[in-house]
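Please look over the sequence and the model shown below. A short walk through the parts of the fold comes after them.

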Amino acid sequence: MAAIKKISSKLPNLPTSIFTIMSKMAKEYNAINISQGFPDFDTDPKLIELVTEAMKAGHNQYAPMSGIYSFRAAICEKVESLYGAKYHPKSEVTVTSGATEAIYSTISAFVSAGDEVIVFKPAYDCYEPAILGNGGIPVFVQLNNNDFKIDWNEFQSKISAKTRMVIINTPHNPSGTIFSENDMLMLQEALENTNIILLSDEAYEHIVFDGLKHESVARYPKLVPRSVICASFGKTFHITGWKIGYCVAPKELMQEIQKIHEFNVFSVSHPVQKALNEYLKTPNKYLELNSFFQKKRDLFLEGIKDSRFSYKPSQGTYFQLLDYSQITDEGDVALAKRLTIENGVASIPISVFNENQLDNKLLRFCFAKKDETLEKATEILSKI
(Lines give C-alpha, C1' and ligand atoms only; values in the text may rest on other atoms or scores of the structure.)
Protein backbone atom coordinates (compact mmCIF):
# COMPACT_ATOMS: atom_id res chain seq x y z
CA MET A 1 0.00 0.00 0.00
CA ALA A 2 1.41 3.38 -1.00
CA ALA A 3 2.11 5.73 1.89
CA ILE A 4 0.86 9.31 2.00
CA LYS A 5 3.67 11.36 0.49
CA LYS A 6 3.53 14.37 2.76
CA ILE A 7 2.05 14.79 6.22
CA SER A 8 1.96 18.14 7.97
CA SER A 9 3.01 17.54 11.59
CA LYS A 10 1.44 19.55 14.40
CA LEU A 11 4.63 18.95 16.44
CA PRO A 12 7.40 18.86 13.82
CA ASN A 13 10.25 19.61 16.19
CA LEU A 14 9.22 17.45 19.13
CA PRO A 15 12.27 15.52 20.37
CA THR A 16 12.24 12.07 21.90
CA SER A 17 11.54 12.43 25.62
CA ILE A 18 14.66 12.46 27.78
CA PHE A 19 12.91 9.96 30.05
CA THR A 20 12.60 7.53 27.16
CA ILE A 21 16.24 8.06 26.20
CA MET A 22 17.70 7.61 29.68
CA SER A 23 15.50 4.67 30.67
CA LYS A 24 16.42 2.89 27.43
CA MET A 25 20.11 3.52 28.10
CA ALA A 26 19.77 2.33 31.69
CA LYS A 27 18.33 -0.95 30.46
CA GLU A 28 20.86 -1.29 27.63
CA TYR A 29 23.86 -0.77 29.93
CA ASN A 30 22.36 -2.46 32.99
CA ALA A 31 22.66 0.77 34.97
CA ILE A 32 20.92 1.68 38.21
CA ASN A 33 17.92 3.66 36.96
CA ILE A 34 17.39 6.62 39.26
CA SER A 35 16.41 8.80 36.35
CA GLN A 36 12.69 8.28 35.75
CA GLY A 37 10.27 9.05 38.58
CA PHE A 38 8.86 5.68 39.52
CA PRO A 39 9.44 3.55 42.66
CA ASP A 40 11.25 0.22 42.52
CA PHE A 41 9.61 -0.94 45.75
CA ASP A 42 6.30 -2.78 46.05
CA THR A 43 2.82 -1.29 46.19
CA ASP A 44 0.98 -1.70 49.50
CA PRO A 45 -0.46 -5.28 49.48
CA LYS A 46 -3.67 -3.86 50.96
CA LEU A 47 -4.24 -1.78 47.84
CA ILE A 48 -3.62 -4.82 45.61
CA GLU A 49 -6.12 -6.72 47.74
CA LEU A 50 -8.74 -3.96 47.38
CA VAL A 51 -8.40 -3.90 43.59
CA THR A 52 -8.70 -7.69 43.46
CA GLU A 53 -11.82 -7.57 45.62
CA ALA A 54 -13.34 -4.93 43.35
CA MET A 55 -12.68 -7.08 40.28
CA LYS A 56 -14.16 -10.16 41.93
CA ALA A 57 -17.19 -8.09 42.94
CA GLY A 58 -17.86 -7.40 39.26
CA HIS A 59 -16.68 -3.80 38.90
CA ASN A 60 -15.09 -4.52 35.52
CA GLN A 61 -17.15 -2.41 33.13
CA TYR A 62 -17.08 1.31 32.37
CA ALA A 63 -17.12 3.62 35.33
CA PRO A 64 -19.09 6.88 35.03
CA MET A 65 -17.35 9.38 32.76
CA SER A 66 -16.26 11.71 35.58
CA GLY A 67 -15.58 8.89 38.08
CA ILE A 68 -17.67 6.95 40.57
CA TYR A 69 -19.55 9.38 42.78
CA SER A 70 -18.31 8.08 46.15
CA PHE A 71 -14.70 8.39 44.97
CA ARG A 72 -15.26 11.94 43.73
CA ALA A 73 -16.83 12.78 47.09
CA ALA A 74 -13.80 11.32 48.89
CA ILE A 75 -11.47 13.45 46.76
CA CYS A 76 -13.47 16.59 47.58
CA GLU A 77 -13.36 15.73 51.27
CA LYS A 78 -9.59 15.27 51.10
CA VAL A 79 -9.05 18.62 49.38
CA GLU A 80 -11.31 20.45 51.82
CA SER A 81 -9.75 18.84 54.91
CA LEU A 82 -6.22 19.73 53.78
CA TYR A 83 -6.66 23.10 52.08
CA GLY A 84 -10.10 24.49 52.96
CA ALA A 85 -11.64 24.81 49.50
CA LYS A 86 -15.02 23.19 48.90
CA TYR A 87 -15.66 21.43 45.59
CA HIS A 88 -18.91 19.66 44.68
CA PRO A 89 -18.42 15.99 43.77
CA LYS A 90 -21.19 16.13 41.18
CA SER A 91 -19.81 18.91 39.01
CA GLU A 92 -16.35 20.05 40.16
CA VAL A 93 -14.10 16.97 40.13
CA THR A 94 -13.08 14.49 37.43
CA VAL A 95 -11.10 11.28 37.83
CA THR A 96 -8.48 11.19 35.07
CA SER A 97 -5.98 8.84 33.49
CA GLY A 98 -3.15 10.24 35.56
CA ALA A 99 -2.25 13.87 36.15
CA THR A 100 -0.88 14.06 32.60
CA GLU A 101 -4.31 13.48 31.09
CA ALA A 102 -5.81 16.03 33.49
CA ILE A 103 -3.22 18.56 32.31
CA TYR A 104 -3.72 17.72 28.63
CA SER A 105 -7.52 17.88 28.86
CA THR A 106 -7.34 21.23 30.68
CA ILE A 107 -5.01 22.78 28.11
CA SER A 108 -7.08 21.39 25.24
CA ALA A 109 -10.29 22.73 26.76
CA PHE A 110 -9.14 26.33 26.96
CA VAL A 111 -6.17 27.01 24.67
CA SER A 112 -6.91 27.92 21.04
CA ALA A 113 -4.76 29.05 18.12
CA GLY A 114 -2.77 32.17 19.02
CA ASP A 115 -3.43 31.99 22.76
CA GLU A 116 -0.38 32.50 24.97
CA VAL A 117 0.38 30.24 27.93
CA ILE A 118 2.99 31.26 30.50
CA VAL A 119 5.23 28.37 31.57
CA PHE A 120 7.94 28.52 34.25
CA LYS A 121 11.18 26.89 33.14
CA PRO A 122 12.57 24.36 33.86
CA ALA A 123 9.23 22.68 33.24
CA TYR A 124 8.04 19.10 33.11
CA ASP A 125 7.91 18.12 29.47
CA CYS A 126 4.19 17.45 28.99
CA TYR A 127 3.08 21.11 29.05
CA GLU A 128 4.54 22.49 25.87
CA PRO A 129 3.46 19.72 23.45
CA ALA A 130 -0.14 20.11 24.64
CA ILE A 131 0.04 23.88 24.19
CA LEU A 132 1.58 23.65 20.72
CA GLY A 133 -0.73 20.85 19.64
CA ASN A 134 -3.69 23.12 20.32
CA GLY A 135 -2.16 26.04 18.42
CA GLY A 136 -1.10 27.91 21.52
CA ILE A 137 2.12 29.83 22.08
CA PRO A 138 4.29 28.97 25.11
CA VAL A 139 5.72 32.06 26.81
CA PHE A 140 8.61 31.23 29.13
CA VAL A 141 9.73 32.62 32.47
CA GLN A 142 13.09 31.11 33.41
CA LEU A 143 13.48 30.45 37.13
CA ASN A 144 16.53 31.79 38.92
CA ASN A 145 19.61 29.67 38.21
CA ASN A 146 20.65 29.28 41.84
CA ASP A 147 17.48 28.76 43.85
CA PHE A 148 14.73 28.38 41.22
CA LYS A 149 12.85 31.40 42.54
CA ILE A 150 10.48 33.42 40.36
CA ASP A 151 11.21 36.96 39.26
CA TRP A 152 7.68 38.28 39.67
CA ASN A 153 8.47 41.49 37.79
CA GLU A 154 9.53 39.43 34.79
CA PHE A 155 6.39 37.33 35.13
CA GLN A 156 4.22 40.44 35.18
CA SER A 157 5.97 41.70 32.04
CA LYS A 158 5.08 38.47 30.17
CA ILE A 159 1.34 38.88 30.72
CA SER A 160 -0.37 40.26 27.62
CA ALA A 161 -3.83 40.60 26.11
CA LYS A 162 -3.21 37.19 24.51
CA THR A 163 -2.42 35.38 27.78
CA ARG A 164 -5.01 32.65 28.18
CA MET A 165 -3.39 30.47 30.84
CA VAL A 166 -0.58 30.26 33.37
CA ILE A 167 0.84 26.87 34.40
CA ILE A 168 2.49 26.39 37.78
CA ASN A 169 3.93 23.26 39.38
CA THR A 170 4.50 22.89 43.11
CA PRO A 171 6.19 20.90 44.55
CA HIS A 172 8.31 21.50 41.47
CA ASN A 173 9.65 18.87 39.12
CA PRO A 174 12.56 18.84 38.30
CA SER A 175 14.04 21.23 40.89
CA GLY A 176 12.49 19.82 44.08
CA THR A 177 11.58 23.34 45.26
CA ILE A 178 8.17 24.54 46.44
CA PHE A 179 6.16 27.72 46.05
CA SER A 180 6.08 29.86 49.20
CA GLU A 181 3.06 31.68 50.59
CA ASN A 182 4.55 34.88 49.22
CA ASP A 183 4.83 33.31 45.76
CA MET A 184 1.15 32.42 45.84
CA LEU A 185 0.17 35.90 47.00
CA MET A 186 2.27 37.49 44.26
CA LEU A 187 0.64 35.21 41.70
CA GLN A 188 -2.81 36.02 43.07
CA GLU A 189 -2.12 39.75 42.81
CA ALA A 190 -0.74 39.47 39.27
CA LEU A 191 -3.79 37.57 38.00
CA GLU A 192 -6.40 39.68 39.76
CA ASN A 193 -8.71 41.56 37.37
CA THR A 194 -7.77 39.27 34.46
CA ASN A 195 -9.58 36.39 32.76
CA ILE A 196 -6.48 34.20 32.82
CA ILE A 197 -6.96 30.56 33.77
CA LEU A 198 -4.48 29.04 36.22
CA LEU A 199 -3.48 25.39 35.82
CA SER A 200 -1.77 24.11 38.96
CA ASP A 201 0.13 20.82 38.64
CA GLU A 202 0.20 19.44 42.19
CA ALA A 203 1.18 15.83 41.45
CA TYR A 204 3.58 15.78 44.44
CA GLU A 205 1.25 17.52 46.89
CA HIS A 206 1.87 14.98 49.66
CA ILE A 207 5.68 14.96 49.41
CA VAL A 208 7.08 18.04 51.20
CA PHE A 209 9.98 18.00 53.65
CA ASP A 210 11.50 19.63 56.73
CA GLY A 211 8.20 20.84 58.16
CA LEU A 212 7.41 22.97 55.11
CA LYS A 213 3.85 23.30 53.81
CA HIS A 214 2.40 22.59 50.39
CA GLU A 215 0.85 25.81 49.18
CA SER A 216 -2.00 24.43 47.13
CA VAL A 217 -4.00 26.84 45.01
CA ALA A 218 -6.97 25.55 47.01
CA ARG A 219 -5.70 27.55 50.00
CA TYR A 220 -6.24 30.86 48.16
CA PRO A 221 -9.90 31.89 47.73
CA LYS A 222 -9.09 34.54 45.13
CA LEU A 223 -7.29 31.99 42.97
CA VAL A 224 -9.80 29.14 43.26
CA PRO A 225 -12.43 30.60 40.86
CA ARG A 226 -9.92 30.76 37.97
CA SER A 227 -7.96 27.56 38.77
CA VAL A 228 -7.77 23.92 37.75
CA ILE A 229 -5.79 21.74 40.16
CA CYS A 230 -4.35 18.51 38.73
CA ALA A 231 -3.06 15.73 40.99
CA SER A 232 -1.82 12.15 40.85
CA PHE A 233 -2.68 9.04 42.84
CA GLY A 234 0.07 7.25 40.93
CA LYS A 235 2.73 9.42 42.55
CA THR A 236 1.01 9.36 45.94
CA PHE A 237 0.49 5.62 46.30
CA HIS A 238 3.42 4.22 44.27
CA ILE A 239 1.16 3.03 41.44
CA THR A 240 2.39 5.04 38.46
CA GLY A 241 1.51 2.18 36.11
CA TRP A 242 -2.17 2.40 37.05
CA LYS A 243 -2.41 5.89 35.53
CA ILE A 244 -4.99 7.44 37.81
CA GLY A 245 -5.27 11.04 38.96
CA TYR A 246 -7.86 13.78 39.21
CA CYS A 247 -8.57 17.43 38.69
CA VAL A 248 -10.79 19.82 40.61
CA ALA A 249 -12.13 23.14 39.35
CA PRO A 250 -15.22 25.38 39.51
CA LYS A 251 -18.21 24.01 37.60
CA GLU A 252 -17.87 26.48 34.71
CA LEU A 253 -14.32 25.28 34.04
CA MET A 254 -14.90 21.62 34.77
CA GLN A 255 -17.73 21.24 32.28
CA GLU A 256 -15.35 22.34 29.51
CA ILE A 257 -12.60 19.97 30.68
CA GLN A 258 -15.05 17.08 30.72
CA LYS A 259 -15.92 17.71 27.08
CA ILE A 260 -12.31 16.82 26.23
CA HIS A 261 -11.98 14.05 28.84
CA GLU A 262 -15.16 12.29 27.67
CA PHE A 263 -13.97 11.89 24.09
CA ASN A 264 -10.33 11.34 24.97
CA VAL A 265 -10.40 8.51 27.52
CA PHE A 266 -14.11 8.60 28.54
CA SER A 267 -13.53 6.94 31.90
CA VAL A 268 -10.83 5.49 34.14
CA SER A 269 -10.34 1.97 35.55
CA HIS A 270 -13.43 1.04 37.57
CA PRO A 271 -11.85 -1.45 40.02
CA VAL A 272 -8.95 0.91 40.73
CA GLN A 273 -11.41 3.69 41.61
CA LYS A 274 -13.28 1.34 43.94
CA ALA A 275 -10.04 0.35 45.63
CA LEU A 276 -8.74 3.90 46.07
CA ASN A 277 -12.10 5.06 47.38
CA GLU A 278 -11.72 2.56 50.22
CA TYR A 279 -8.01 3.28 50.65
CA LEU A 280 -8.59 7.02 51.14
CA LYS A 281 -10.57 6.23 54.28
CA THR A 282 -7.17 5.92 55.99
CA PRO A 283 -5.67 9.42 55.59
CA ASN A 284 -2.32 8.37 57.05
CA LYS A 285 -1.71 6.46 53.81
CA TYR A 286 -0.89 9.83 52.23
CA LEU A 287 -0.22 12.01 55.28
CA GLU A 288 2.81 9.89 56.24
CA LEU A 289 4.48 10.23 52.83
CA ASN A 290 6.43 13.31 53.91
CA SER A 291 8.41 11.39 56.53
CA PHE A 292 8.67 8.27 54.34
CA PHE A 293 10.32 10.10 51.47
CA GLN A 294 12.31 12.48 53.68
CA LYS A 295 14.11 9.44 55.09
CA LYS A 296 14.96 8.34 51.57
CA ARG A 297 16.14 11.83 50.61
CA ASP A 298 18.34 11.94 53.70
CA LEU A 299 19.72 8.47 52.98
CA PHE A 300 20.64 9.58 49.46
CA LEU A 301 22.27 12.80 50.68
CA GLU A 302 24.14 11.04 53.47
CA GLY A 303 25.53 8.65 50.88
CA ILE A 304 27.02 11.45 48.76
CA LYS A 305 28.08 13.85 51.52
CA ASP A 306 31.75 13.17 50.85
CA SER A 307 31.42 13.27 47.06
CA ARG A 308 32.42 16.09 44.73
CA PHE A 309 28.79 16.88 43.96
CA SER A 310 27.17 19.87 45.67
CA TYR A 311 23.48 20.28 46.44
CA LYS A 312 20.67 21.98 48.27
CA PRO A 313 18.34 19.43 49.92
CA SER A 314 15.13 18.91 48.00
CA GLN A 315 12.12 20.66 49.56
CA GLY A 316 9.57 18.38 47.95
CA THR A 317 8.88 15.71 45.27
CA TYR A 318 11.09 12.63 45.27
CA PHE A 319 13.85 14.22 43.19
CA GLN A 320 17.21 15.64 44.19
CA LEU A 321 19.37 17.89 42.01
CA LEU A 322 23.14 17.52 42.14
CA ASP A 323 25.53 20.21 40.91
CA TYR A 324 28.57 18.67 39.20
CA SER A 325 30.35 21.91 38.23
CA GLN A 326 33.33 21.04 40.47
CA ILE A 327 33.78 17.74 38.67
CA THR A 328 33.69 18.52 34.93
CA ASP A 329 32.78 21.16 32.36
CA GLU A 330 30.87 18.61 30.29
CA GLY A 331 27.35 19.41 29.19
CA ASP A 332 24.71 17.80 31.36
CA VAL A 333 23.24 15.63 28.58
CA ALA A 334 26.66 14.27 27.68
CA LEU A 335 27.53 13.62 31.32
CA ALA A 336 24.22 11.89 32.05
CA LYS A 337 24.85 9.52 29.15
CA ARG A 338 28.48 8.92 30.15
CA LEU A 339 27.57 8.17 33.77
CA THR A 340 25.05 5.63 32.51
CA ILE A 341 27.51 3.92 30.18
CA GLU A 342 30.73 4.12 32.21
CA ASN A 343 29.55 4.25 35.82
CA GLY A 344 26.24 2.43 35.72
CA VAL A 345 23.99 5.17 37.16
CA ALA A 346 21.24 6.82 35.07
CA SER A 347 20.05 10.37 35.82
CA ILE A 348 18.19 13.17 34.05
CA PRO A 349 19.95 16.30 32.70
CA ILE A 350 18.14 19.53 33.56
CA SER A 351 19.03 21.61 30.49
CA VAL A 352 16.37 19.80 28.42
CA PHE A 353 13.69 21.43 30.61
CA ASN A 354 15.18 24.96 30.46
CA GLU A 355 14.57 27.81 28.07
CA ASN A 356 17.09 27.63 25.21
CA GLN A 357 18.59 24.47 26.77
CA LEU A 358 20.28 26.53 29.50
CA ASP A 359 22.92 24.27 31.08
CA ASN A 360 23.62 24.92 34.76
CA LYS A 361 25.57 21.66 35.30
CA LEU A 362 22.73 19.95 37.15
CA LEU A 363 21.52 16.36 37.10
CA ARG A 364 18.25 15.09 38.60
CA PHE A 365 18.17 11.87 40.61
CA CYS A 366 15.05 10.04 41.82
CA PHE A 367 15.22 8.75 45.39
CA ALA A 368 11.88 6.91 45.30
CA LYS A 369 13.81 3.66 45.38
CA LYS A 370 14.63 0.82 47.76
CA ASP A 371 17.29 1.70 50.31
CA GLU A 372 19.68 -0.83 48.79
CA THR A 373 19.22 0.78 45.36
CA LEU A 374 20.07 4.20 46.78
CA GLU A 375 23.07 2.83 48.67
CA LYS A 376 24.49 1.22 45.54
CA ALA A 377 23.93 4.39 43.51
CA THR A 378 25.51 6.73 46.08
CA GLU A 379 28.52 4.45 46.48
CA ILE A 380 29.16 4.85 42.76
CA LEU A 381 28.50 8.61 42.73
CA SER A 382 30.86 9.16 45.65
CA LYS A 383 33.75 7.72 43.63
CA ILE A 384 33.28 10.08 40.66
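The paragraphs below take the sheets, then the helix pairs, then some local features.

This is a predicted model, in which local features need pLDDT of at least 70 and side-chain atom pairs count only at pLDDT 80 or more, while totals for chains, interfaces and linings use all residues. Residues are numbered from 1 along each chain as its sequence is written, and side-chain values use heavy atoms, with hydrogens and water left out. Helices (H or I, at least four residues) and strands (E, at least two) are DSSP runs, numbered from the N terminus.

Start with the open sheet of 7 strands, whose order is β2-β8-β7-β6-β5-β3-β4 and whose pairing is mixed. Two strands count as paired if DSSP finds at least two bridges between them. Strands of a sheet pair through backbone hydrogen bonds, either parallel or antiparallel. The edges are held by β2 (93-96) and β4 (137-142); each has a single partner strand, so one side of each is left without a neighbour in the sheet. On average, and with direction ignored, neighbouring strands of this sheet are turned by 20° against each other. Axes here are lines fitted to C-alpha atoms, for helices over the stretch in contact, and angles run from 0 to 180 degrees between N-to-C directions.

V95 has Y246 in β8 as its bridge partner. Helix α9 (residues 251-264) packs on the sheet, where it touches β2, β6, β7 and β8, and its direction makes about 25° with that of β2. Contact here means heavy atoms within 4.5 Å. Helix α4 (residues 98-110) lies across β2, β5 (163-169), β6 (197-201), β7 (227-232) and β8, and runs at about 160° to β7.

Another open sheet has 3 strands in the order β9-β12-β11, with antiparallel pairing. Its edge strands are β9 (319-323) and β11 (348-349), each of which pairs on one side only. Between β9 and β12 (residues 362-366) there are 5 bridges in the antiparallel sense, and F319 stands opposite C366 in β12. Helix α13 lies across β11 and β12, and runs at about 45° to β12.

Helix α13 (residues 332-343) also has a helix partner: its axis and that of α1 (residues 18-28) come within 9 Å and cross at roughly 15°. That makes α1 roughly parallel to α13, given that angles under 35 degrees count as roughly parallel, over 145 as roughly antiparallel, 65 to 115 as roughly perpendicular and the rest as oblique. The crossing of α1 past α13 is right-handed; a crossing is left-handed if the near helix is turned anticlockwise from the far one by less than a right angle, and right-handed if clockwise. I21, M22, M25 and A26 of α1 meet A336, K337, T340 and I341 of α13. These contact residues divide into 6 nonpolar, 1 polar and 1 charged, where Ala, Val, Leu, Ile, Met, Phe, Trp, Tyr, Cys and Pro count as nonpolar, Asp, Glu, Lys and Arg as charged, and the others, Gly among them, as polar.

The axes of α12 (residues 289-303) and α14 (residues 371-381) come within 8 Å and cross at roughly 25°. These two helices are therefore roughly parallel to each other, and α12 passes α14 in a right-handed crossing. K296, L299, F300 and G303 in α12 meet D371, L374, E375, T378 and L381 in α14. By class, this contact has 4 nonpolar, 2 polar and 3 charged residues.

Helix α3 (residues 69-83) packs against α10 at an angle of about 40°, with their axes 9 Å apart. That makes α3 oblique to α10, and the crossing is left-handed. S70, F71 and A74 of α3 and Q273, L276 and N277 of α10 make the contact.

Some local features remain. Most residues other than glycine have a negative phi, and most peptide bonds are trans. The peptide bond from K121 to P122 is cis, with omega near 5°, and P122 is found in the loop between β3 (116-121) and α5 (127-133). The bond from T170 to P171 is also cis, with omega near -10°; P171 lies in the loop between β5 and α7 (181-191). F266, in the loop between α9 and α10 (270-279), has a positive phi near 65°.
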